[in-house]
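Here is a short tour for someone new to reading protein structures. Keep the model open beside the text and look up each part as we reach it.

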Amino acid sequence: MNRNIIISFGLHTLLVIITAMSLPFLSKKPLDLPQIVSVELIQIKDKTNIPFAPKAKKIIEKVKEKEKKLVSEQAPPKIVKKQKPDAIPLPNKKIEKVKKIEDEKQNPKKVETEIKQISEFEKKELFDTNNIAALIDKSKVESAETNKKMDKVTQDQDKDANFKGLSLSEEDALKAQIFGCWSIPLGLPYNENLLVRIKLQLKPDGSIIRTEILDHARMNKPGQGFYKVLAESALRAVKLCQPLRVPSSGYERWKELQLNFDAREMLEG
Amino acid sequence: MLFRYLFILLTLFPLKTFALIEVDITRGNLNPLPVAVSPLSIEEESKNNFKKILDIDNLGSEISAVVENNLRQSGLFNPLSKNAFLQKPDIANLKPRFEDWNLIKAQALITGKVTFVDEKLRVEFRLWDVLAGKEMMALAFTTVPSNWRRVGHIITDKVYERLTGENGYFDTRIIYVSEKGPKTNRIKKLAIMDQDGFNNKYLTLGNELVLTPRFSPTNQMVTYLSYFRNLPRVYLLDIETGLQEVVGDFPGMTFAPRFSPDGKKIIMSFAKDGNSDIYTMDLENRIVERITNHPSIDTSPSFSPDGKYITFNSDRSGYQQIYIMSKNGKDVKRISFGNGLYGTPVWSPRGDLIAFTKLHKGKFYIGVMRTDGTGERLLTENFYQEAPSWSPNGRVLIFYRETKTNSKGEGFSAKLWSIDLTGYNEKMVETETDASDPSWSSLLSN
């Protein structure tokens with residue numbers, strides 16, 4: 001009895017883990033999930049000591065105007081939780097204004113680029129020039145981190161793409177290549193269900209490791225001469241075409257491919 | 001209990017890992033398949049023996065040339081130049097070096113061996129899939145040496161069947177009307193030849209006008225129309241023995257006798273009381289049965305391959321159009337509705353299409369349509385051409401075409417032409433004289 005309960009418990013746990021890890025709808029991220037907004041904490045002095053502050057002010061105003069326009073063209077930003085007033089000490093109204101605009105234009109979905117913009121404004125207008133070098137260094141580190149993050153995102157997307165198939169252009173390139181290699185046996189009847197499905201195992205360079213006709217048993221059945229001829233022609237096409245024009249990345253995605261050869265359209269025409 | 005859990009686990013196990021990318025390939029090319037026809041190897045002794053009997057230096061090369069020519073004429077194969085071959089015929093027949101054949105872009109390879117055994121010709125041949133590196137077929141034939149061309153045709157049929165999936169049409173013959181002399185005084189003889197134009201023989205002397213010869217399903221008999229003292233007669237001719245037999249004298253205009261698929265009846269049209277209708281004649285008891293009874297002109301009947309239906313042309317709608325009906329003349333249904341006049345319908349041996357001649361705006365077309373009249377396709381257009389006849393596999397049509405020999409329209413020439421269902425592979429069939437009214441036999445080796 002106890003043994004059964006333990007086995008049952010163990011299997012249930014395993015089931016829940018596997019289900020949680022594998023089911024496609026669970027692994028997908030919800031679309032509207034708000035992303036984390038990274039905020040840089042900086043020390044700001046009361047007065048700027050940038051030598052050509054008025055000139056810099058003009059430039060900043062121009063940029064602001066541009067950004068306002070851009071913001072108006074964008075979709076209304078989602079409501080982001082207000083930052084705590086003590087998170088960034090804002091010594092004067094002028095800076096508050098800048099910050100406000102930044103808040104308005106801030107789109108939580110495009111965090112990385114906006115972080116860069118903020119740091120640039122702040123570098124020019126708000127910070128001690130003595131610290132610029134340090135800030136640049138920091139921004140370098142930051143941008144590198146951002147890039148890393150972006151890379152990570154790309155990889156995640158790539159993982160998702162494992163299950164999405166080839167893009168249209170990738171598929172078209174492959175199709176166009178095989179179209180050129182496949183000599184259709186013109187003697188086949190157009191009104192019979194002749195579909196040959198071939199599973200391929202590919203090397204990263206597109207050459208073929210293995211081919212497998214999925215309905216192999218049908219090839220040697222009596223009365224299936226047409227199917228055999230079509231299957232052989234399809235195999236010849238695949239071998240003639242190799243290495244196949246496969247995408248340069250995402251090998252995991254296409255290391256196994258299934259090609260469905262259907263000549264009816266051509267034979268009917 | 002444990003199994004139940006395992007079952008649940010298996011059903012829920014990472015589903016997405018099995019999501020295989022599928023790509024649909026719905027188009028290909030219609031380029032002829034590159035084939036290497038290696039000369040059949042032959043030893044010196046056999047070579048000398050065949051030279052004595054047939055006066056041919058290298059029979060192996062000659063047989064492979066027949067195969068090569070047949071494949072090229074079909075339009076579906078592209079035999080590669082022998083100059084490019086890297087492997088000798090005798091070694092290739094034992095074990096081809098596929099890399100060498102791959103190098104010259106051959107996708108299929110034919111090798112073989114010819115030997116002289118007990119006064120007979122023995123031919124072995126093998127068909128290889130170069131890309132897969134495997135043998136697809138191996139056969140051997142033994143026959144009298146004079147049959148060497150037929151062996152070449154049979155090999156082609158086997159190769160064709162293996163690579164295209166349909167029966168071949170190379171081991172067949174064509175009967176036609178050979179024509180000589182000026183148009184006003186043509187001498188017409190019955191002639192028969194292999195489908196590639198070789199082994200031409202004349203079956204009649206040319207004293208009488210002969211028209212519309214048609215093979216029986218067994219190939220032994222031919223029915224044709226001949227005028228004896230200006231009266232049309234339907235004849236039966238045994239090709240093997242040369243014996244002729246008059247089936248009957250028929251009144252008025254008689255047209256195009258043709259066998260039923262079982263070879264027991266002849267179907268034709270003739271005019272009785274000034275009205276042309278379709279009749280059948282039982283060859284055993286010679287009883288004539290009227291099939292259509294309509295005041296219009298009904299001609300050119302042709303049975304469907306199962307013998308249940310008949311297609312014919314009639315002007316009962318005001319213009320000559322194609323109709324089908326059941327074998328007893330009931331359920332007449334018009335199937336052609338295009339512009340122009342339609343005639344000489346012939347049911348395909350595969351049963352799926354009807355070939356016809358169409359006259360529209362002063363031009364003649366050879367075309368095909370489905371048996372319900374849909375999918376009309378005109379394959380070829382010319383100044384004057386008619387009388388299509390199907391190859392036994394229902395893939396190629398042979399017909400005759402008359403051409404003006406100069407720009408003034410003086411002179412005149414009639415030749416046989418063939419065209420396949422794609423409409424691209426149109427070729428003239430060489431004949432010694434002018435030729436008309438061709439009829440294609442079924443496969444001789446069946």
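## Where two chains meet

How many residues does the contact take from chain A and from chain B? The contact takes 43 residues from chain A and 35 residues from chain B, where two residues are in contact if their C-beta atoms, placed from the backbone, lie within 7 Å. Before going on, please note that this is a predicted model, in which local features need pLDDT of at least 70, side-chain atom pairs count only at pLDDT 80 or more, and totals for chains, interfaces and linings use all residues. Residues are numbered from 1 along each chain as its sequence is written, while chains are lettered from A and ligands numbered from 1 in the order in which they are written.

On the side of chain A that touches chain B, the elements giving two or more residues are helix 1 (2-22), helix 7 (168-181), helix 9 (225-241), strand 3 (256-262) and helix 11 (264-268) of chain A. Helices (H or I, at least four residues) and strands (E, at least two) are DSSP runs, numbered from the N terminus. Helix 9 of chain A supplies the largest share of this side, 8 residues. Sorted by class, the side of chain A that touches chain B has 25 nonpolar, 10 polar and 8 charged residues. Here Ala, Val, Leu, Ile, Met, Phe, Trp, Tyr, Cys and Pro count as nonpolar, Asp, Glu, Lys and Arg as charged, and the others, Gly among them, as polar.

Two strands pair if DSSP finds at least two bridges between them. As an example to look up, A:Leu259 has B:Val23 in strand 1 of chain B as its bridge partner.

## A look at chain A

Chain A has 11 helices and 3 strands. Along the sequence they follow the pattern α-α-α-α-α-α-α-β-β-α-α-α-β-α. Among the contacts in chain A with a separation of 6 or more, 77% are between residues 24 or more positions apart.

Now find helix 7 and helix 9 of chain A, whose axes come within 8 Å and cross at roughly 115°. Axes are lines fitted to C-alpha atoms, for helices over the stretch in contact, and angles run from 0 to 180 degrees between N-to-C directions. The contact is made by A:Gln177, A:Ile178 and A:Cys181 of helix 7 of chain A together with A:Ala237, A:Leu240 and A:Cys241 of helix 9 of chain A. By class, this contact has 5 nonpolar, 1 polar and no charged residues.

## Two domains in chain B

The domain assignment of chain B gives domain 1 (33-164) and domain 2 (173-440); such bounds come from an automatic or database domain assignment. The C-alpha centres of the two domains lie 36 Å apart. Their contact takes 5 residues from domain 1 of chain B and 8 residues from domain 2 of chain B. On the domain 1 side, helix 3 (residues 59-74) of chain B gives the most, with 3 residues. By class, that side has no nonpolar, 4 polar and 1 charged residues.

## Strands of chain B

Strands of a sheet pair through backbone hydrogen bonds, either parallel or antiparallel. An open sheet of chain B has 4 strands in the order 23-24-25-26, with antiparallel pairing. Its edge strands, each pairing on one side only, are strand 23 (341-347) and strand 26 (377-382) of chain B. Neighbouring strands of this sheet are turned by 20° against each other on average, direction ignored. Inside the sheet, 8 bridges join strand 24 (residues 353-360) to strand 25 (residues 363-370) of chain B, and B:Ile354 has B:Met369 in strand 25 as its bridge partner.

Finally, turn to strand 9 (residues 187-194) of chain B, which is mostly covered, with 6 of its 8 residues buried. Strand 8 (residues 173-180) of chain B runs antiparallel to strand 9 of chain B and is joined to strand 9 by 8 bridges. These two strands form a hairpin with 6 residues between them, and B:Gly181 in the turn has a positive phi of about 95°.

Definitions and conventions. A residue is buried if 20 or more other C-beta atoms lie within 10 Å of its own, exposed if 12 or fewer, and partly exposed in between; C-beta atoms are placed from the backbone.
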